[in-house]
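Here are my notes for your first read-through. Please keep the model open beside them.

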Amino acid sequence: MKKVIRLVSVQLWAILGSMFAIGESKKKKTKALYVGFALFVVILSGASFFYAYMIGMGLKLYGSIDLLPSLFMALTSIIVLFTTIHKVKGTLFGFKDYDMVMSLPVSNSQIVASRLLLLYSINLVFVIIVMLPMMVAYGLLNGPRIQFYVFSILMLFFIPLIPIIIASFLGTILTYLSMRFKYSNIVYMAFSFLLLIAMIIMPYFLGNSEQALVEISQIINGQINSIYPLSELYSMGVTKGDLLSILIFIVVSILSFMVFSMAVGKVFKRINSTIMTGRYRANYKLERLKSSSPLKALYIKDLKRYFASIIYVMNTGFGVVILVLGSIALAFVDITTITGGLDITGTIRDMIPLFFTFCIATSCTTMASISIEGRHIWIIKNLPVSTLMIFASKILVNLTIIAPALLSSIFVGIILQIPFISVLLLLLAVVSFSLFMAQYGLVINLSFPNLSWSNETVIVKQSTASLISVFSGIGMTAIQYLLLMALGNAVSGMLLFIIILLILNLLLYKRLVKDGKRQFEKLSN
Amino acid sequence: MLSIVNFSKTYKGGKKAVDTLNLDINSGDIFGFIGHNGAGKTTTIRAIAGVLDFEEGDILIDGVSIKEDPVKCKRVIAYIPDNPDLYDHLTGIGYLNFIGDIYEISRVDREQAIKKYAEAFELTANLGDGIASYSHGMKQKLAIISALIHSPKLLILDEPFVGLDPKASLTLKNIMEELCKSGSAIFFSTHVLLVAEKLCNKIGIIQDGRLVAFGPTQEVKGDSSLEDVFMELIETK
């Protein structure tokens with residue numbers, strides 16, 4: 001156990017060191033990241049409290065307030081499960097320091113346990129941020145006894161274990177299946193997207209009108225209890241003070257963790273060996289080559305790099321996938337059935353640009369496109385191409401990823417019979433906002449580069465650049481909403497938003513040409 | 001071909017890695033850059049290659065400053081770092097074709113060059129495989145091939161023989177000599193003093209960021225071996 005804890009602490013320090021630039025003279029940037037992280041915690045916990053309180057009030061009306069803790073525990077578990085699946089490849093399998101770790105005198109099971117505990121540590125932070133505000137909301141609404149708080153706090157440490165094991169199990173199967181294919185990453189990503197989409201679509205099959213709130217809770221609770229019996233144990237333990245339930249929950253979690261670690265330990269080396277070595281044929285014969293322009297060559301190289309990273313695609317491609325599927329769904333789903341009979345087509349028409357902005361904001365690939373070069377940065381720095389061409393290639397990749405949004409905007413315009421001028425404005429907004437996010441992400445990444453990462457998750461999800469990019473995207477959506485509200489007219493609001501974007505795009509371009517070029521030249525690993 | 005003028009590089013924290021370095025390499029020269037670990041060899045090489053930014057002094061390649069027109073300079077040089085980390089997501093041939101596109105080598109020329117050098121380094125059969133599956137030596141060979149296919153006027157290599165098998169080392173030495181005969185210049189660092197002594201017509205020894213010996217190999221080593229000269233310089237530090 002001592003060895004496992006030592007391994008976890010080393011890996012955690014590597015991640016934290018990479019995130020917060022520990023040991024480096026980047027005080028200003030580190031401070032910015034601390035502020036960003038604090039902001040993230042405040043927003044997430046605030047949202048959690050808000051939702052917990054609102055749902056709790058609804059449940060209290062129907063005398064079902066005790067459903068709140070188990071409902072939140074189940075929801076948190078599901079979020080942990082789905083956000084962990086795609087982290088399995090990169091954390092448990094195919095991680096960068098595999099050779100170094102495997103050469104240490106520790107068993108495979110211990111290494112697996114350390115990697116799972118690494119996932120656990122990261123998820124524990126999320127669980128605490130979400131569950132603590134819920135406890136406060138429940139406390140305010142129901143005034144439980146002190147043992148509720150004691151048991152709830154104790155259980156915080158065990159909530160993530162089972163979801164992580166289930167996610168790791170699914171992730172292991174996905175990795176195992178996908179490694180048999182030539183384009184294993186694409187297969188892995190397709191499976192992961194399908195799982196996530198299924199998760200999003202599922203609630204709609206349950207219906208979601210306001211009157212059915214308690215029924216939904218009970219249905220969800222019942223379903224979760226049947227597929228995830230620990231939810232029942234949690235509810236019994238925390239709200240009813242049943243000590244035996246608490247004990248069973250803890251023992252089952254720890255035992256599952258140990259059994260899973262040992263089981264994966266058996267295939268760990270085999271899967272990693274296959275992933276690390278890749279496909280090896282050694283039967284190539286020289287054939288006619290295709291030539292391209294330097295810009296196209298850089299673009300193709302960057303596009304391939306993007307699709308080679310599961311965590312990168314899963315984190316920056318999902319918004320566009322949702323946008324496209326949502327647009328297609330509009331053609332088949334009657335909006336009034338989703339809104340409980342209310343015809344809110346007009347409101348949806350007004351809100352559609354906001355949805356596009358939000359989805360595009362979550363699809364910023366350039367916020368990590370410099371950092372992703374990592375130890376390969378010497379290659380592009382040594383190439384006889386201008387820095388601006390390198391930037392252009394990275395921006396083009398981002399625009400390519402967002403391109404389906406353009407088609408979606410036309411499609412949505414046709415389906416919802418939006419006036420031509422509004423569709424045109426939506427198209428212009430999509431184009432200018434896509435260019436804005438692509439340029440903005442690059443500016444941010446050049447200001448906060450990280451070329452010394454050992455895990456892609458650090459630069460895609462946990463870096464200063466990614467945090468700033470996410471918050472700025474949300475901020476831009478809010479600005480668009482405020483413009484819409486302030487002007488009280490969708491067309492004028494859109495027009496002003498587009499004009500603002502055009503100005504910002506020009507300023508960002510100037511910044512890239514001047515400061516961006518200088519920042520790139522200073523990059524070194 | 002290469003002119004380093006008062007080049008200095010100080011890292012964050014105040015460590016001066018290279019201090020007022022001056023040297024000239026002409027077409028046809030094979031220059032061996034020697035020094036102990038941390039002496040400033042890699043810093044100098046990375047600056048010449050345009051990978052490392054610097055403020056003090058200048059580096060001219062074919063008369064053009066790498067600071068003022070880096071693209072023009074990079075067009076005529078090729079650089080191979082000590083640890084060639086290549087794109088794992090590409091195949092060997094994909095990487096060579098990428099380099100061919102960037103240097104705008106015609107399709108026919110690049111096919112011929114890839115054929116010539118891949119066969120010389122016995123890597124042809126592996127070119128269709130992902131770079132992720134390559135050994136260190138194979139990556140080194142691929143990096144060398146990618147450097148050679150655009151016929152550089154100045155070839156910059158940092159510890160090029162590390163990881164190469166004996167046959168590949170010999171092939172590289174022959175190619176280096178062949179390149180110099182055709183008018184190119186070679187600047188490489190090495191710890192294998194015997195190789196430097198045999199291969200180079202010019203030698204430079206760097207110690208704590210300062211060039212302590214520079215000139216034709218025969219002049220630098222005199223009647224002793226290069227190893228003796230090097231050890232003497234290190235010990236009299």
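1. A charge sits over a ring if NZ of Lys or CZ of Arg is within 6 Å of the ring centre and within 35 degrees of the ring normal. B:K173 lies over the face of B:F161. The distance to the ring centre is 5.9 Å. Keep in mind that this is a predicted model.

2. Now the aromatic rings. Over all chains, the structure holds 23 aromatic pairs. Take A:F433 and A:F497: their ring centres are 6.2 Å apart and their planes stand at 35°, so the pair is tilted. The two residues are 64 apart in the chain, and the pair links distant parts of it. A:F433 belongs to helix 21 (residues 420-447) of chain A, and A:F497 to helix 24 (residues 490-522) of chain A.

3. Next, the interface. In chain A, 41 residues are in contact with 45 residues of chain B. The two chains bury about 3800 Å² between them, with 59% of it on carbon and sulfur atoms. A:L289, A:W378 and A:P384 supply 20% of the area that chain A buries against chain B, more than any other three residues.

4. Which contacts join the chains? There are four salt bridges between chain A and chain B. In one of them, the side chains of B:D85 and A:R375 meet at 3.0 Å, N to O. The count of residue pairs in polar contact is 17. Helix 13 of chain A gives six residues to the side that touches chain B, the largest share.

Terms used: Residues are numbered from 1 along each chain as its sequence is written. Chains are lettered from A and ligands numbered from 1 in the order in which they are written. This is a predicted model: local features need pLDDT of at least 70, side-chain atom pairs count only at pLDDT 80 or more; totals for chains, interfaces and linings use all residues. Side-chain values use heavy atoms; hydrogens and water are left out. Rings of Phe, Tyr and Trp (its six-membered ring) pair if their centres lie within 6.5 Å; planes under 30 degrees apart count as stacked, over 60 as edge-to-face and the rest as tilted. Helices (H or I, at least four residues) and strands (E, at least two) are DSSP runs, numbered from the N terminus. Contact means heavy atoms within 4.5 Å. Buried area is the accessible area (1.4 Å probe) that two parts lose on being put together, summed over both. A polar contact is a pair of N or O atoms within 3.5 Å; within protein, one must be able to donate a hydrogen and the other to accept it, and residues adjacent in sequence count only if both atoms are side-chain atoms.
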